Structure formats: structure tokens, C-alpha cells
Amino acid sequence: MIKIIFIFYFFICLFFSKSILSLDNQYNLEILKSNLNSPWSLTFISNNQILISEKTGKIKLFDILSNKTTEINHNLKVIRDKNSQGGLLDIYFYNNQIFISYSEKIGDNLFSPSTTSIAKANLNLNFLEFENIFRANPPIRSPYHFGSRIVIHDDYLYASMGERGKGMIAQDANQHPGSIIRIKLDGTSPKDNPHYISQETWLPEIYQIGVRNPQGMSISPFDNKIYISNHGAKGGDWFGEIKKGENYGWKILGWGGTNYDNTKIGPQWLPGYTKAIYYWVPSIAVSAISIYNGKEFPEFRGLALITSLKDQSLRSLDFSNLENVKENIIFKKEIGRIRDIKIHPENGTIFLLAQDKLWLFKKK
């Protein structure tokens with residue numbers, strides 16, 4: 001009997017040691033949900049309910065209180081090729097509607113091109129009936145660099161479009177790949193976008209050009225500006241501000257990185273191009289970001305929280321002084337590749353998607 005109790009106690013301890021990680025004397029990481037399939041993004045639809053997009057095409061509802069997960073069916077036709085970087089991407093809840101970015105194949109055969117598209121649906125936990133409000137043109141035969149993050153600010157939707165691995169296409173404002181777009185919630189173009197004001201040769205939806213593969217985007221509650229993170233090539237990841245009508249320079253600029261064959265791309269920055277706030281060389285594969293404003297971590301207030309894939313870290317950036325940006329690694333290589341970060345709207349705890357799990361990061 002004593003032996004049975006000991007074995008039971010051993011397995012209970014083993015389970016909790018794996019589900020809760022202790023970081024120093026300040027923080028805990030706790031697994032909320034396991035066995036997710038390539039989770040890409042999460043969004044709160046209430047204080048206790050989360051929608052999770054999986055790259056493989058599924059949307060799941062997770063209830064924090066009951067720890068129950070339910071799949072929500074939808075009508076999107078999503079690329080499910082395991083060799084593609086595409087799939088269901090960012091999911092965003094706003095005014096009782098769900099907005100989502102995804103990779104869409106344009107055509108019915110194996111060699112049809114694909115694009116980054118954005119769709120919206122009224123919130124319905126039984127079935128999400130999406131309608132497309134944007135497609136990046138032109139569609140391209142490439143499995144790479146779809147982007148894509150979404151934020152909504154003042155009833156305008158901003159989204160990042162990857163350059164699909166095509167380099168200098170990001171300098172062509174007659175094409176969407178390699179740009180930041182800004183549209184109304186019905187998909188039409190605001191009349192104060194660059195096309196209508198000063199750059200008639202730009203497509204009406206384009207707000208900024210010259211990005212490579214931005215997979216992080218966040219509104220700051222402190223200055224109402226929108227910030228993004230962007231993958232460089234071999235080095236040259238960066239964090240910076242979205243600026244109307246400007247150009248981040250890809251592929252004229254290399255942002256400190258090189259091509260994968262080690263050939264030079266270009267300088268880190270040149271006058272006339274938007275300068276990033278912070279660069280990583282070598283690359284950390286920077287992914288999602290959030291500007292923190294919550295109760296749980298007063299020490300993070302106003303900081304950019306940065307997640308990474310290759311480096312598997314959560315970092316903070318103090319960019320209050322642009323001449324002296326300060327970086328701190330909060331933890332590294334604890335939970336695997338971190339794809340998304342969101343802040344709980346009420347208590348300020350931090351939710352992270354990493355590998356196949358949903359994690360809760362909080363104070364001890």
C-alpha cells in the first residue's frame with residue numbers, strides 16, 4: 001500500500017513539475033493547454049474565452065475556467081501544405097467580429113499561385129461564415145513569407161504582407177507583397193492613405209512599403225502608435241514603428257543581415273528610408289510583440305515584449321529613449337518556439353503560444 005501511494009505521489013509531482021516551470025524567484029510558466037496543432041495566434045473574446053488559430057486550418061475555442069477546447073467550423077479554404085509557411089495566421093476579435101489573415105490558393109490545381117488574404121465573420125461559436133475583405137495582389141507561386149499580423153485602430157485595419165521571398169517586390173508599391181496595408185473594416189481604402197495624398201502610383205491599400213516578413217504588430221496604449229517586428233534574412237531582424245508613406249528599404253537594405261549564401265544584401269540603413277528602433281544580428285527569428293500595459297507586471301509597463309522562434313525567448317525592450325534602447329531577456333529556451341503573445345484584458349497576465357501548447361506567464 002505504501003509503495004502504491006509513493007508511486008502515485010511520484011507521478012503527481014512529475015506532472016506538476018512539467019506543467020509549471022519556475023523562473024528565478026519571480027515568475028511562473030504554466031501550461032494551460034497541450035496538444036494544439038501548429039498554433040499561430042490567439043485572441044480574447046471575453047475575459048475567460050480565447051480563440052486560437054492553428055496553421056493547419058482549425059479555429060479552436062478555449063475556455064480558461066473549464067479548461068475545455070471546442071473546434072469551431074468555418075468556410076475558409078486554407079493552404080494546408082506542411083511544406084508551406086502559410087495556413088491560418090493571425091486571428092483578431094473586434095466589435096463582435098472575427099478578423100483573420102490566411103494563405104489562400106488562387107486556382108484549383110497543384111501549381112496555382114497563393115496569396116495572403118484577410119477575411120471577417122460575425123462572432124458565432126457554432127460556425128464562422130467568413131467573407132474576404134482583402135487579397136494581396138499579385139498571387140505568387142511561393143511557399144514563403146506570407147506575414148501576417150493584424151491590428152485594428154480607430155476602425156482601420158492594419159496588416160502586414162510578407163514579400164513571399166521575392167525580395168525587390170517590396171520596393172514596388174504597385175504590388176502588395178512586402179508592405180503594410182491599411183483598410184476600412186469593409187475592405188475599402190481610406191481616402192487619407194498615401195495613394196490619395198502624395199503617392200498616386202501606390203496601390204490604394206498600401207500604407208508603408210519595404211518590409212520582408214513581419215509577424216508581429218501591436219498598438220501602444222501609451223502613444224497610440226503601431227509597432228511591428230520583421231524577420232530579416234541571415235540576421236537583420238528588427239522592431240520599429242509603422243510610418244505612413246515611408247519605406248523600410250527591403251531589399252535595398254539588409255538591416256545588418258546577409259543572404260543565406262553569405263553574400264551581402266545592403267547596408268543596415270540609408271538616409272531616406274525608415275530606420276528601425278532596434279535590430280538583431282544574428283537573427284533571433286523575432287515573431288509576435290505586445291506593448292505591455294497591465295496589472296500583473298508593473299515592471300513591464302510601457303515596454304515592448306518580444307517573442308522569438310529560433311531563439312525561443314521572451315524579451316523586453318525599453319524604447320522610451322530611442323538613443324539608448326535597453327533589451328532584457330526574461331527567459332530563453334524554456335517552452336520552445338514562441339509564436340504569439342497576448343495580454344489578459346483584465347488581470348494583465350501573459351498568454352503565450354509555443355510549440356503545441358498555450359502557456360500562462362505570471363508572478364509567483
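Mentor: In this predicted model, two residues lie between S25 and S26, which form a hairpin. Gln355, in the turn, has a positive phi of about 55 degrees.

Trainee: What makes S25 and S26 a pair?

Mentor: Pairing requires at least two bridges. S25 and strand S26 (residues 357-363) have five bridges, in the antiparallel sense, so they count as paired. Across this pairing, Lys357 in S26 stands opposite Ala354.

Trainee: What joins S25 to S24?

Mentor: Five bridges, again in the antiparallel sense, link S25 to strand S24 (residues 338-343). Ile343 has Ile350 in S25 as its bridge partner. S24 and S25 also form a hairpin, with six residues between them, and Gly348 in that turn has a positive phi of about 80 degrees.

Trainee: Why is strand S25 called mostly covered?

Mentor: Buried means under 20% relative accessible area, and five of the five residues in S25 (residues 350-354) are buried. Ile350, Leu352 and Ala354 point one way, while Phe351 and Leu353 point the other way. In a regular strand, side chains alternate between the two faces of the sheet.

Trainee: Why is Trp40 called buried?

Mentor: Its relative accessible area is 2%, and the cut-off is under 20%, so Trp40 qualifies as buried. Trp40 is in strand S3 (residues 39-46). The C-alpha atoms of Trp40 and Ala288 are separated by 9.8 Å, with the two residues 248 apart along the chain.

Trainee: What makes S20 and S23 edge strands?

Mentor: The open sheet has the order S20-S21-S22-S23, with antiparallel pairing. Strand S20 (286-291) and strand S23 (326-332) each pair on one side only. Four bridges join S20 to strand S21 (residues 304-308).

Methods. Residues are numbered from 1 along each chain as its sequence is written. This is a predicted model: local features need pLDDT of at least 70, side-chain atom pairs count only at pLDDT 80 or more; totals for chains, interfaces and linings use all residues. Side-chain values use heavy atoms; hydrogens and water are left out. Buried means under 20% relative accessible area, exposed over 50%, partly exposed in between (1.4 Å probe, protein chains only).
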